[in-house]
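Dear colleague,

Please find below the structure that I am handing over to you. My notes on it follow directly.

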Amino acid sequence: MRGLQERAARALPAEHITDVEGWWLRHTPSCAWWVGTVLPHRDARRGELVRRVVGAEEFYAGHGAAARFQISPGACPEGLDTVLAERGYRRQSPVSLQVASAARVLEQAPAGSPRVRLDDRPTRAWFETWHAVHGHGGDPRSEWDLLGRVERPCAYACVMIGDDVLAVGRAVADTGWAGVFGMATLPEARGKGAARDVLAALAAWAGTHGADRMYLQVERDNIPALRLYERMGFGEICGYHYRIAG
């Protein structure tokens with residue numbers, strides 16, 4: 001669990017990262033909030049937990065932000081969730097961490113898919129499609145900067161009809177695994193297999209980059225996405241959530 005969550009953190013690199021005894025304190029102004037959460041991936045006794053939580057709170061206060069923790073069973077110290085709840089942290093945003101073999105994903109993709117273009121860097125068309133679905137008024141420059149910080153091999157997939165981009169996604173290869181991120185389909189293209197074609201193209205790319213296993217993270221209330229990933233061969237290995245300072 002720790003290995004996958006840390007791969008995901010390298011695929012969504014924060015602007016400021018401080019490693020304090022195995023806890024990654026991450027902060028990125030003007031970017032998606034989950035990029036700036038604590039990864040508390042080193043075991044600690046209960047008395048030590050409080051000290052470490054206080055240290056994290058001081059780190060975020062120094063950046064003018066509230067502390068947020070990513071709580072993944074099997075990766076975080078036992079008892080941390082309880083300590084945070086007792087300090088008034090709210091539980092938020094349950095997420096499913098899912099995995100599949102790249103070969104299995106390819107098996108689910110029918111022949112005759114629309115043209116999928118792959119690039120090793122984000123293009124303007126890729127980003128504009130992603131931002132149209134997920135931008136939510138955020139700072140585009142911060143998101144561009146985040147993509148520029150990714151150091152591992154990347155693939156940016158665009159499903160094309162003529163010159164129009166209908167759906168996008170990206171993958172990051174990291175020590176045998178390919179993480180899937182940035183899945184987005186324009187409203188007029190939904191339900192037509194565009195997201196499936198993105199996943200198939202990323203799976204094929206993963207197989208050629210020494211990553212025979214894939215993982216992704218999806219919000220538990222995103223029912224259409226959960227159904228898509230199940231059809232494409234993904235299965236949950238862990239559920240996790242966040243704790244947000246009150």
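The sulfur of Cys-238 lies 8.9 Å from the closest cysteine sulfur, which belongs to Cys-76, and this is too far for a bond. A disulfide is a covalent bond between the sulfur atoms of two cysteines; here it is counted when a pair of cysteine sulfur atoms is within 2.5 Å. By this rule there are zero disulfides. Cys-31 is likewise in no disulfide, as the nearest cysteine sulfur, that of Cys-154, is 15 Å away.

Cys-238 has a relative accessible area of 7% and is buried. Cys-31 counts as buried too, at 15% relative accessibility. Buried means under 20% relative accessible area, exposed over 50%, and partly exposed in between, with a 1.4 Å probe and protein chains only.

The model is predicted: local features need pLDDT of at least 70 and side-chain atom pairs pLDDT 80 or more, while totals for chains, interfaces and linings use all residues. Residues are numbered from 1 along each chain as its sequence is written, and side-chain values use heavy atoms, without hydrogens and water.

There is also an open sheet of three strands, in the order 1-2-3 with antiparallel pairing. Strands are DSSP runs of E with at least two residues, numbered from the N terminus, and two of them pair if DSSP finds at least two bridges between them. The edge strands, each pairing on one side only, are strand 1 (16–20) and strand 3 (39–40). Strand 1 is joined by five bridges to strand 2 (residues 23–27), where Trp-24 stands opposite Asp-19.

Yours sincerely

Conventions: Helices (H or I, at least four residues) and strands (E, at least two) are DSSP runs, numbered from the N terminus.
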